[in-house]
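Subject: Structure handover and findings

Hello,

Here is the structure for your files. My notes on what turned up follow below it.

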Amino acid sequence: MKRVVIWLKTDRQDATLSELGRQAAWEALCSFTGETREELDQSGIVLKKHPNGKPFFEGSHIGVSISHTSKTKKAVAVAAIYEGEVGVDIEDALRESWKVAKRMFSQQEQDWVREHEDIGFARIWTLRESYAKWTGLGLAKMPAVEFWIEENGDIRCSDTGCSAFSFCVPDEEWRISCITDRQDRVEMEVFLEGKIFLKKYWKNA
C-alpha cells in the first residue's frame, strides 16, 4: 500500500499562487519524508519544472503535483506527494460551466453533471485536470478518458492504469481530486494549514 500526502495552503496576503504552490510542495515533501527543509536542501533536492510545465523534485524519486486557485481574494494552493506519478487539482466546489462541460466532457460525464447539478461540474473537471497532470501531457494532448462515479461514491476511470480520488475541504468549499498510478489501496493524508484534516484508506474501485 502506497501513501499520498496532500498539503493545502491559503493566504489572504501578498503571496502569489505559484509561490504558495511551491511552499505547499515543500511542506508536503517534508511531511512525507519526515525530514526538514534544511535536510532536504542539504541532500541536494531541488524543485524544478519539466519543459511541459510538470513539477518534479530533482534528486528524488518522489512525484509531486501542484494546483492553485483563488476565491474571494484568498489564494489557495494544493500539492500532492506520492512515490510515483501523481496529478492533483483544486477548484471552487460550486463552480459551474456548461460551456466547458459541453466542450471537454464525454456525453456520460455531461449526463452525470446534469443529475448532480450542485457538485457535478467541479468533481468531473478536477478529475480530468488531475489526469492531465498525471500524464504530463496537459488537457489538450492527454488521451481520451472518461470518469464516472458510482452511487457509493467510488470513482471509475476508463484508463485502468490509474487510481482516482476526490473529496471536499473544508465545509465543502474546495473540491480536490487526485490521480495516482494504479493501486489497490492507498493511504491518504490531507493537511490543511499544517494540521491533519483527513486521513483515509482509499480502496480502488
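Two strands pair if DSSP finds at least two bridges between them. Helices (H or I, at least four residues) and strands (E, at least two) are DSSP runs, numbered from the N terminus. This is a predicted model, where local features need pLDDT of at least 70, side-chain atom pairs count only at pLDDT 80 or more, and totals for chains, interfaces and linings use all residues. Residues are numbered from 1 along each chain as its sequence is written, and side-chain values use heavy atoms, with hydrogens and water left out.

The sheet

Strands β6 (residues 86–92) and β10 (residues 174–181) pair in the antiparallel sense, over seven bridges. Aspartate 89 stands opposite serine 177 in β10. Isoleucine 90 has isoleucine 176 of β10 as its bridge partner. The open sheet has three strands in the order β6-β10-β9, with antiparallel pairing. β6 and β9 (162–169) are the edge strands, each pairing on one side only. From one strand to the next, the twist averages 15 degrees. Axes are lines fitted to C-alpha atoms, for helices over the stretch in contact, and angles run from 0 to 180 degrees between N-to-C directions. Contact means heavy atoms within 4.5 Å. Helix α5 packs on the sheet and touches β6, β9 and β10. The direction of α5 makes about 150 degrees with that of β6.

Burial comes next. Buried means under 20% relative accessible area, exposed over 50%, and partly exposed in between (1.4 Å probe, protein chains only). Six of the seven residues of β6 are buried, so this strand is largely enclosed by the rest of the structure.

The helix pair

α4 (residues 107–115) and α5 (residues 120–135) pack at an angle of about 145 degrees, and their axes are 8 Å apart. Glu109, Trp112 and Val113 in α4 meet Gly120, Phe121, Arg123, Ile124 and Arg128 in α5. By class, that contact has four nonpolar, one polar and three charged residues. Ala, Val, Leu, Ile, Met, Phe, Trp, Tyr, Cys and Pro count as nonpolar, Asp, Glu, Lys and Arg as charged, and the others, Gly among them, as polar.

Charges

A salt bridge is a side-chain nitrogen of Lys or Arg within 4 Å of a carboxyl oxygen of Asp or Glu. The whole structure has 13 salt bridges.

- Lysine 133 and aspartate 89 meet in one (3.6 Å, N to O). Lysine 133 lies in α5 and aspartate 89 in β6, so the pair ties together parts 44 residues apart in sequence. Aspartate 89 is buried at 5% relative accessibility, while lysine 133 is partly exposed at 23%.
- Arginine 37 and aspartate 41 form another (3.2 Å, N to O). Both lie in helix α2 (residues 37–42), four residues apart, about one turn of the helix.
- Lysine 199 bridges to glutamate 189, with the closest N and O atoms 3.4 Å apart. Lysine 199 lies in strand β12 (residues 195–203) and glutamate 189 in strand β11, so the pair ties together parts ten residues apart in sequence. Arg3, Glu187, Glu189 and Lys199 are linked in a network of salt bridges.

Not counting residues up to four places away in sequence, glutamate 129 touches Asp89 and Leu139.

Regards
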